[in-house]
Amino acid sequence: MSQQQISLPAKLINGGIAGIVGVTCVFPIDLAKTRLQNQRPGQQIYKNMMDCLVKTVRSEGYFGMYRGAAVNLTLVTPEKAIKLAANDLFRQHLAKDGKGLTVFKEMLAGCGAGMCQVIVTTPMEMLKIQLQDAGRLAAQQQKPIIMSPTKLVATNAVLSRSYNSGNVVSAPRTVSATQIAKDLLRTQGIQGLYRGLGATLMRDVPFSIVYFPLFANLNQLGKPSRDESSPFYWAFLSGCAAGSTAAVAVNPCDVVKTRLQSLNKGASEETYSGVVDCISQIMRKEGPSAFLKGAGCRALVIAPLFGIAQVMYFVGVGEYILNNAPLSRNLNTVL
């Protein structure tokens with residue numbers, strides 16, 4: 001019982017720390033992914049990931065690559081904690097008599113983890129996307145000539161303010177995620193923050209179904225023996241391989257989710273009434289290749305993110321923190 005009581009908090013700590021470290025490392029690539037996925041034919045501002053990052057730094061400064069990072073860093077701790085801990089708990093519940101899980105049961109555990117995490121993932125992604133895409137919308141409105149002093153049109157009253165820029169076109173000043181959330185709650189209620197919930201489930205559940213069983217089996221190959229754990233570098237590589245594979249597999253769903261959760265549209269950009277309408281319009285107007293937009297960026301984001309997560313998770317930072325906490329030391333002394 002004592003071990004079970006310590007186990008869950010330790011898992012939550014491991015998942016949270018892993019999420020913060022991973023997001024900090026790969027967030028600029030995630031921003032590029034969002035902007036590339038939202039581009040439409042004939043209105044392309046960025047050629048590829050590197051072109052997007054270079055143009056972002058030039059127009060918005062270095063910290064422009066971290067638009068929306070604050071909301072991610074705030075909510076990624078519970079999101080990753082729920083995902084990793086839920087999968088582990090489902091696996092424990094499905095295991096019988098200490099026997100290994102079948103692939104089907106591993107997929108079932110991953111499915112449960114994916115369904116649990118959307119409670120946090122959907123509003124986190126909703127707010128993040130608004131901030132990440134603001135620079136693309138502003139750049140789309142700018143003409144490719146030297147502009148005279150003029151008042152820039154804001155991408156949206158919720159996201160930016162217009163201001164005079166003299167002879168140099170500057171990036172729009174975005175408001176905080178907190179203000180966006182307040183405006184959504186005031187105008188649309190709680191469902192405003194959960195816009196795109198169906199698409200998020202459509203992405204995260206298959207992702208977890210692919211990722212967790214694949215990681216478990218890849219990690220198993222690195223174990224020196226049945227009773228020993230795999231080396232940390234093998235856990236990292238297994239997390240990277242499983243994460244990138246799952247990310248590319250569900251990228252079409254991520255494109256649909258990104259489009260549905262983008263509140264602000266550029267010139268001539270269509271709106272969608274739901275998942276089915278979004279899929280049909282993308283297929284008709286942009287072709288099947290549009291569903292792979294940002295796939296490379298997404299693989300580069302997810303691979304190190306989950307590699308770092310698995311290393312933190314299996315090294316046991318959470319267990320170390322709990323075992324060395326003042327309360328834990330006092331209890332051990334009494335016992």
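## Helices and the model

Helices here (H or I, at least four residues) and strands (E, at least two) are DSSP runs, numbered from the N terminus. The structure above is a predicted model, so a local feature needs pLDDT of at least 70 and side-chain atom pairs count only at pLDDT 80 or more, while totals for chains, interfaces and linings use all residues. Residues are numbered from 1 along each chain as its sequence is written, and side-chain values use heavy atoms, leaving out hydrogens and water.

## Annotated segments

An unreviewed UniProt entry marks residues 12-32 and 299-322 as "transmembrane region"; such annotations may be inferred rather than shown by experiment. In the model, residues 12-32 are 100% helix and 0% strand, with 29 Å between the end C-alpha atoms.

## Aromatic pairs

Let's turn to the rings. Those of Phe, Tyr and Trp (its six-membered ring) pair if their centres lie within 6.5 Å; planes under 30 degrees apart count as stacked, over 60 as edge-to-face and the rest as tilted. This rule gives 9 aromatic pairs. One of them is Tyr211 with Phe215, stacked at 6.0 Å centre to centre and 15° between the planes. Both residues belong to helix H7 (residues 197-221), where they sit 4 residues apart, about one turn of the helix. Tyr211 is buried (under 20% relative accessible area; exposed is over 50%, partly exposed in between, with a 1.4 Å probe and protein chains only), at 0%. Phe215 is buried as well, at 5%.

Phe232 and Tyr233 form an edge-to-face pair, 6.4 Å centre to centre with 85° between the planes. Here Phe232 is exposed at 57%, and Tyr233 is partly exposed at 45%.

## A ring cluster

Which residues do ring pairs link into a cluster? They are Phe207, Tyr211, Phe212, Phe215 and Phe306.
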